Amino acid sequence: NQPSEAGRWGRRMAEAKCGTGARASAAVARGREIETSAAFAEARQLFEDKRFEEAAVLYVKLVDTNPRHKDSPAAINNAAVSYESVQRFESATRLYERVWRDYPESEFADTALFRAAVNYQRFFEFDHAVTNYLILVDNPRYKKSKHRADALYNAAQLLESDQAYERAADLFKRYARVIDKDEEAAEAFFRAGKSYEKARSLDKMTAAFLDL
């Protein structure tokens, strides 16, 4: 991609080294900031134009070069979304992991954690999926996440399929107590009871069925 006019102007400022001392350093810094911001804008335009692979490559390059830039959390998240949009799920997952690990305070962290888990599940990496789902469930940082209930349910299902019945049952019960839909809560308590039964935890099975 050719740099934008703003990017070329920023590069010229950075390379010109006008003046001396502090004035020259400020001019260089300002030029580099203009050039970098223009490059982020170019990547965003590629993303909006649905040129996803090109956008992802440029986003990753920019974040690797400017990890602490104010636009880097959104950029790496958009790169992950871009790869997911073209079904490059392994690349998307690696970038979603970078989002929540490198930028845990960003607005994208909880969704990135959830999407990474979904992609692990897609590729039958169930241990990784459960681990990510439970970080989303148990870390206080994500207690208000809109994905928390779904993460609980998905983790419970995976553990049930893996015959980890008691752990699955505990999560089904937790899900039943946070979901605000009576029918879904009843189903979750029932599945908890059946899982406790398979685990031969009969007292817990009875308690779960009484919650129906």
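**Notebook: helix packing and a buried glutamate**

I looked at the H10–H11 pair and noted that H10 passes H11 in a left-handed crossing (the near helix is turned anticlockwise from the far one by less than a right angle). The model is predicted, so I kept to its limits: local features need pLDDT of at least 70, side-chain atom pairs count only at pLDDT 80 or more, and totals for chains, interfaces and linings use all residues. Residues are numbered from 1 along each chain as its sequence is written, and side-chain values use heavy atoms, with hydrogens and water left out.

I looked up the geometry: H10 (residues 182-198) and H11 (residues 202-210) pack at about 165°, their axes 8 Å apart. H10 is therefore roughly antiparallel to H11 (angles over 145 degrees). Axes are lines fitted to C-alpha atoms over the stretch in contact, with angles from 0 to 180 degrees between N-to-C directions. Helices are DSSP runs (H or I, at least four residues).

I listed the contacts (heavy atoms within 4.5 Å). From H10, residues including Phe 189, Phe 190 and Tyr 196 meet Lys 204, Met 205, Ala 208 and Phe 209 in H11.

Next I checked Glu 84, which lies in H4 (residues 72-85). Glu 84 counts as buried because its relative accessibility is 15% (buried is under 20% relative accessible area, 1.4 Å probe, protein chains only). Beyond four places in sequence, Glu 84 touches residues including Arg 115, Asn 119 and Arg 122.

Last, I turned to H8 (residues 148-161). Its buried residues include Leu 152, Tyr 153 and Leu 159, and the buried set packs against H6, H7, H9 and H10. Gln 163 follows H8 with a positive phi near 65°.

Conventions
Helices (H or I, at least four residues) and strands (E, at least two) are DSSP runs, numbered from the N terminus. Angles under 35 degrees count as roughly parallel, over 145 as roughly antiparallel, 65 to 115 as roughly perpendicular and the rest as oblique. Buried means under 20% relative accessible area, exposed over 50%, partly exposed in between (1.4 Å probe, protein chains only).
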